Amino acid sequence: MSVLTRRKLLQGAAAAGAAGIGLSAAGKLAGLAAAKPEPLILKTASIEARLMDGAPTKNVLTYGEAGMPPVVRMRKGEPFAARLINGIDDPTTIHWHGVRVPNKMDGVPFLVQPYVYQGDRFDYAFTPPDAGTFWYHPHCNTLIQMGHGLTGVIVVENPNDPVFDVEMVVNLRDWRLGDDSQFIESFRPRDAAKTGTFGTVRTANWLDQPQFDAPAGGLVRLRTAITDVTRIYAFRVDGAEASVIALDGNPVSQRFALDALQLGPGQRLELAIRMPDDEGAVVSLRDVRGTKPKILATLRSVGRSLKHDLRDLGRLEANPVAEVDVAGAKRIPLALSATAENVPGDGICGSLGYSFWAINKVPWPGDTPDPTAPLAELKLGQSYVIDMENLTPHAHPIHLHGMGFKVLSSSTRAVQPLVSDTYLIQPNEKVQLGFVADNPGDWLLHCHIIEHQKTGMTSYLRVV
């Protein structure tokens, strides 16, 4: 995690992470000129990177010339522009995961935009309506491109946010590397038909268990994004008081302690951490899921204690997500299942050659100018409730593009009325997700375990 002062406005650094958040001097949204911004250049490149002990790994993909993709900073309510330049020999796009963009900016090939071939470019322009933690990645040949590194974090800043002493951004992901540090096969069919194929090397900001300094007795805003293609995490913080303040880019209605909270690929976690008073004390962010717990990153207290208190921390502003009218909502049944039907696509954005999964009994045919019919055609401005049922023995992080939904109820657990774009549905769970269809266009809905997405668990909603 790179360290930046509070007053810097940054696009992020290759080893991005700790960043000051103050925007007081330039952060008033009212009265700002709506001049067209200079585009941020995001050029894809194939590089060598040292991801484990031993030789550098070849054919690591990134945006830029070296290291991890930058943390992209935007401001709530202010125009943003980016220019994707494709420097790799594979067509690509950018999807702004969780950001409610206009449909033509969503980065899904065929459905909303053309591929970007090697040497070509595509200009993205939109105004983010929400503050929070999001991320960006390709939506073309995703298993290879994301698996080889094309995943970066987005921070949309709000000048009205409470002031922390330091901010840290953590990009969590696995790599499938052999003993020689080089990439091995991206997936195994037998695993794709179950939980997905796990990586062999786990990193935070492309580092193994990095340690970073934070002011003793200070308040840390820790933004964490799971940009992995497979792994589900159960988070815990040891050595400090920590509260969940936001999930998936939206403030929680009531802060709560982190206790093995499970989140899947595509999801984001924001924590407020009160650092220990003693210099040298260590705080660890851990994944405690499964039989091999893992320390993901640590923070070390430095300097004389600031003696700040989490109770003095103000609340995050709610994002302007339309409130669903549950009583007047129309229902959309959605069943997640396995499939025996095999419809492997041969599209230019890559096919795994198998169909293992389906939504409402229909496996996705892949990128094609003639996809399946939408799950439903929705009326602009109408409220809807997705009645989603997981008929499989595996968990699925289901992501909806373009709109946010509220988690209304679950058959297996008590839920907070969270606003999100990705829901981790457990085996045999039934859940109700309410939303207003307020963004016109064709919006993808899919599992963010990429092998599940690419082998059938994908569809889309049409808002007209």
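Trainee: How do the residues lining the largest pocket divide into nonpolar, polar and charged?

Mentor: The lining has 11 nonpolar, 6 polar and 2 charged residues. Keep in mind that this is a predicted model.

Trainee: How much space lies in that largest pocket?

Mentor: About 420 Å³. The lining is made up of 19 residues, and Leu247, Leu261, Arg413, Leu418 and Tyr423 are the closest to the pocket centre.

Trainee: Which strands each supply at least two residues of the lining?

Mentor: β17 (261-263), β27 (419-420) and β28 (422-425) each do.

Trainee: OK, salt bridges now. How many does the structure hold?

Mentor: It holds 29. One of them pairs the side chains of Arg231 and Asp174, at 2.8 Å from N to O.

Trainee: Is Arg231 buried or exposed? And why?

Mentor: Arg231 counts as buried because its relative accessibility is 13%, and the cut-off for buried is under 20%. Asp174 is buried too, at 4%.

Trainee: What about Arg223, which residue does it form a salt bridge with?

Mentor: Glu270, with the closest N and O atoms 3.3 Å apart.

Trainee: Next pair: how far apart are N and O in the salt bridge between Glu323 and Lys406?

Mentor: 2.7 Å. This pair also links distant parts of the chain, 83 residues apart: Glu323 is in the loop between β20 (294-302) and β21 (330-338), and Lys406 is in strand β26 (residues 405-410).

Trainee: Glu323, buried or exposed?

Mentor: Glu323 is exposed, with a relative accessible area of 54%.

Trainee: Last one. Which residues do salt bridges with shared partners join into one network?

Mentor: Arg73, Glu157, Asp161, Glu167, Arg221, Arg223 and Glu270. That network includes the Arg223 and Glu270 we went through.

Methods:
Residues are numbered from 1 along each chain as its sequence is written. This is a predicted model: local features need pLDDT of at least 70, side-chain atom pairs count only at pLDDT 80 or more; totals for chains, interfaces and linings use all residues. Side-chain values use heavy atoms; hydrogens and water are left out. On a 1 Å grid over the protein atoms alone, a cavity is a set of points where a 1.4 Å probe fits but cannot get out, and a pocket is an open set with protein on both sides within 12 Å along at least five of seven lines; lining residues have an atom within 4 Å of a point. Grid points are joined across faces, edges and corners, and a volume is the space filled by probe spheres set on the points. Helices (H or I, at least four residues) and strands (E, at least two) are DSSP runs, numbered from the N terminus. Ala, Val, Leu, Ile, Met, Phe, Trp, Tyr, Cys and Pro count as nonpolar, Asp, Glu, Lys and Arg as charged, and the others, Gly among them, as polar. A salt bridge is a side-chain nitrogen of Lys or Arg within 4 Å of a carboxyl oxygen of Asp or Glu. Buried means under 20% relative accessible area, exposed over 50%, partly exposed in between (1.4 Å probe, protein chains only).
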